[in-house]
Amino acid sequence: MEPLLVVEDDPGIQKQLKWTFTDNEVIVAGDRESAIAALRRHEPKVVTLDLGLPPDEANASEGLATLQEILELAPKTKVIVITGNDDKDNALKAIAMGALDFYQKPIDADTLNVIVSRAFFVAGVEQENERLRSSSLDDNGFIGNSPQVQQVSRMVDRIAPTEITTLLLGESGTGKEVLARAIHERGPRADKPFIAINCASIPETLLESELFGFERGAFTGAHKQTKGKIECANGGTLFLDEIGDMPYPLQAKILRFLQEKVIERLGGRQEIAVDVKVICATHQDLQGMVAEKSFREDLFYRISEVTINIPPLRERGEDILLLSRAFLQTFSQQFGRKISGFSEEANSALMAHRWPGNIRELQNKIKSAVIMADGKQVTDIDLALMPSSQQTEQQPLNLRQVREAAESQAISRAITRSEGNMSKAAELLGVTRPTLYALMDKYGMEKP
């Protein structure tokens, strides 16, 4: 139960308020000193405060002093001041000092219950907003509390101040460009251009001119000299998204640019020096493509000085709900909808879904649900996700397969949480280190 601090010196009203707030753990204080002691000990989100406290029961001086001290110690606490029925001036003074609301005696239990419930709701919303802000990578939108995301965040902190070339690996929709922008905005080039180009979305015949630019007359239709994306990024960051789709012949020119930091426009003879930080990304298996000779090995090693593996959404646990609430807040404001949250059934559906489209799919589902919702909460029907029973049918029923899948997932989580420390991972799993190595060999898992 949420603690509620009642600051009241009248024993009769103390007892009445205890019976009124049966859904809360009611802590009673009769004067300023005991009220501050209870505030420090229990840290309640909401306080009801009678302004007529001893030794000045007839006036509000002691109550207002208590209010000031509460807000100095815990400025986010929601204080509801209770005054006499002819003391509106002091009630308004308390509001000006920072109290959330006021209530005039005589006390009506139902009315005061509504006011206190509203105060808890406001405190909860503010706490959730603060949690969303503190859980993100700055203001770049890569939100999460899972160990995998925290590890990614730490890597971004280390990479951002450097000039090292970074490769981001992850499924489609996991937020690779968001992460690339986070690296750019945390580094010394933050006030310079961030230029992104998707190598898969531009036809092969146009990609070279988009990257390197061209001189007038270089080809039919080249009526004027045009800078390419690389040149436009000079001084800043170049993000090559889906580099695995780059045509093989063009890879040699990209490799030369990365090594020499010079380019030549199409149809030009002059070498142009460029100063850019390069971040690449792909959802493809570049090492497999190297083996198949569809991606240059020397380019692969050049772009992967540091590699960040971005986890798919289905492996991020409670981050799904955290992201959902963030998107809900954004789209509720965008569409002018007053939606407070998700129903229990909606939360269960969000956690049960496999999210093959990752964060992009989640974002689109929340957006449509905000538009379709009839009530103050998004329901599982509004989300229109595949029922969990249908997803369960896709899971193996063989007990050995289920056990092996669970064991391998637990091993992966333990290694992630221990940041590759095998002794610590074995301790988390409750096995010896040799047993852990044997299990990893059994499931074909690579050792960190």
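Predicted model: local features only at pLDDT ≥ 70, side-chain atom pairs only at ≥ 80, totals over all residues.
I began with R32, which forms a salt bridge with E69, the closest N and O atoms being 3.4 Å apart. R32 belongs to helix α2 and E69 to helix α3, so this pair ties together parts that are 37 residues apart in sequence. I looked up the exposure of both residues: R32 is partly exposed at 27% relative accessibility, and E69 is partly exposed at 26%.

**Entry: other salt bridges**

I asked how many salt bridges the structure holds. The count comes to 18. Side chains of opposite charge can pair when their charged atoms come close.

I next took K45, which forms a salt bridge with E2 at 3.1 Å between the closest N and O atoms. K45 sits in the loop between α2 (32-42) and β3, whereas E2 is in the segment before β1, so the pair ties together parts that are 43 residues apart in sequence. K45 has a relative accessible area of 23% and is partly exposed. E2 is partly exposed as well, at 33%.

I found E177 partly exposed, with a relative accessible area of 32%, and R181 partly exposed, with 34%. Returning to R32, I noted that salt bridges with shared partners join R32, E62 and E69 into one network.

**Entry: the five-stranded sheet**

I traced an open sheet of 5 strands, in the order β2-β1-β3-β4-β5, with parallel pairing. Which strands stand at the edges of this sheet? They are β2 (25-29) and β5 (101-104), each of which pairs on one side only. The twist from one strand to the next averages 20°.

Strand β1 (residues 3-7) runs parallel to strand β3 (residues 46-50), and 4 bridges join the two. Here L5 stands opposite V47 in β3.

I also looked at the helices on this sheet. Helix α3 (residues 61-73) lies across β3 and β4 (78-83) and runs at about 160° to β3. Helix α4 (residues 88-97) packs on the sheet and touches β4 and β5, its direction making about 160° with that of β5.

**Entry: strand β13**

I examined how far strand β13 (residues 277-282) is enclosed. In β13, 6 of the 6 residues are buried, so the strand is largely enclosed by the rest of the structure. K277, I279 and A281 point one way from β13, and V278, C280 and T282 point the other way.

Which strands are joined to β13 by bridges? Strand β6 (residues 166-169) runs parallel to β13 and is joined to it by 4 bridges; in this pairing L169 stands opposite T282. Strand β10 (residues 237-241) is also parallel to β13 and joined to it by 4 bridges. There the bridge partner of L238 is V278.

**Entry: R189**

I located R189 in the loop between α7 (176-185) and β7 (194-198). Is R189 buried or exposed? R189 counts as buried, at 9% relative accessibility. The side chain of R189 reaches the backbone oxygen of G236 at 3.2 Å. Leaving aside residues up to four places away in sequence, I listed the residues that R189 touches: E163, H184, G235, G236, T237, D275, V276 and K277.

**Entry: cysteines**

I searched for disulfides and the count comes to 0. A disulfide is a covalent bond between the sulfur atoms of two cysteines. For C199, the nearest cysteine sulfur is that of C280, 7.8 Å away. A disulfide requires sulfur atoms within 2.5 Å, and C199 is in no disulfide. I noted that C199 is buried, with a relative accessible area of 2%.

C232 is likewise in no disulfide. The cysteine sulfur nearest to that of C232 belongs to C199, 15 Å away. I recorded C232 as partly exposed, at 39% relative accessibility.

Technical notes:
Residues numbered from 1 in each chain as written. Heavy atoms only, no water. Pairing = 2+ DSSP bridges. Axes fitted to C-alpha atoms, helices over the stretch in contact; angles between N-to-C directions. Contact = heavy atoms within 4.5 Å. Buried < 20%, exposed > 50% of the residue type's maximum accessible area, 1.4 Å probe, protein only. Polar contact = N/O pair within 3.5 Å; in protein donor to acceptor, adjacent residues only side chain to side chain. Salt bridge = Lys/Arg side-chain N within 4 Å of Asp/Glu carboxyl O.
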